Amino acid sequence: MTFDQIAALVVLVGVVGLMIHGKMRADVVALLGAAVLLVLGVVRPVEVQAAFASPAVIALAGLFV
C-alpha cells in the first residue's frame with residue numbers, strides 16, 4: 001500500500017470513530033478529515049472543494065439544519 005492509501009484509511013477510521021463517539025459535531029469532523037488529507041497532500045484543494053460542492057453533500061448538510 002502506498003502512503004496515500006494508508007493515510008486515507010487512517011483518516012477514514014478516525015472520522016468514523018469520531019462520529020460514532022459523538023463528542024464533536026459531524027460537520028466539524030468532516031472538515032477536519034478533509035483538512036488532514038489536504039495537509040498530507042493526499043488530495044488537492046480543487047478536489048476538496050468539488051466534494052463539498054456536490055449536491056449530495058449539500059442535501060445531507062440541509063438535514064442537519
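**Helix packing and surface features of the predicted chain**

The buried residues of α1 pack against α2 (26-40). Contact here means heavy atoms within 4.5 Å. Buried stands for under 20% relative accessible area, exposed for over 50%, and partly exposed for the range in between (1.4 Å probe, protein chains only). Helices (H or I, at least four residues) and strands (E, at least two) are DSSP runs, numbered from the N terminus. The model is predicted, so local features need pLDDT of at least 70 and side-chain atom pairs count only at pLDDT 80 or more, while totals for chains, interfaces and linings use all residues. Residues are numbered from 1 along each chain as its sequence is written, and side-chain values use heavy atoms, with hydrogens and water left out.

The chain contains four helices and zero strands. Along the sequence the pattern reads α-α-α-α. The C-alpha trace spans about 35 × 30 × 15 Å along its principal axes. Of the 65 residues in the chain, 12% are buried. The accessible surface comes to about 5,000 Å². Carbon and sulfur atoms account for 76% of that surface. Accessible areas come from the Shrake-Rupley method with a 1.4 Å probe; for residues, only the protein chains shown count as cover. Contacts between residues at least 6 apart in sequence were also examined, and 30% of them join residues at least 24 apart.

Helix α1 has 19 residues. From first C-alpha to last it reaches 27 Å, close to the 27 Å expected at 1.5 Å a residue. The expected span is 1.5 Å times one less than the number of residues in the helix. The buried residues of α1 are A7, V11 and V15. Seen down the helix axis, the buried residues of α1 fall within an arc of 65°, so they line one face of the helix. The arc is that of the directions from the helix axis to the C-beta atoms. On the other side of α1, V10, V13, I20 and H21 are exposed. After α1 comes G22, with a positive phi near 85°.

At 31% relative accessibility, A8 counts as partly exposed. M19 is partly exposed, at 40% relative accessibility. Leaving aside residues up to four places away in sequence, M19 touches A26, V29 and A30. The C-alpha atoms of M19 and L38, 19 residues apart along the chain, are separated by 20 Å.

Helix α2 has 15 residues, which should span 21 Å at 1.5 Å a residue. Its end C-alpha atoms are 21 Å apart, in agreement with that value. V29, G33, A34 and L37 are the buried residues of α2. Viewed down the axis of α2, they fall within an arc of 130° and so line one face of the helix. These buried residues pack against α1 and α3 (45-52). G41 follows α2 and has a positive phi, near 80°.

A nonpolar surface patch of about 830 Å² is made by M1, I6, L9, V10, L12, V13, V16 and I20. Patches are made of residues with over 30% relative accessible area and no salt bridge; like charges are joined within 9 Å, and nonpolar side chains (Val, Leu, Ile, Met, Phe, Trp, Tyr) within 5 Å. Two members of the patch, V10 and V13, were placed above among the exposed residues of α1.

Salt bridges were assigned where a side-chain nitrogen of Lys or Arg lies within 4 Å of a carboxyl oxygen of Asp or Glu. The count comes to two. One joins R25 and D27, whose closest N and O atoms are 2.6 Å apart. R25 is exposed, at 56% relative accessibility. D27 is partly exposed, with a relative accessible area of 38%. The other joins E47 and R44, with the closest N and O atoms 3.5 Å apart. R44 is exposed, at 52% relative accessibility. E47 is partly exposed, with a relative accessible area of 36%.
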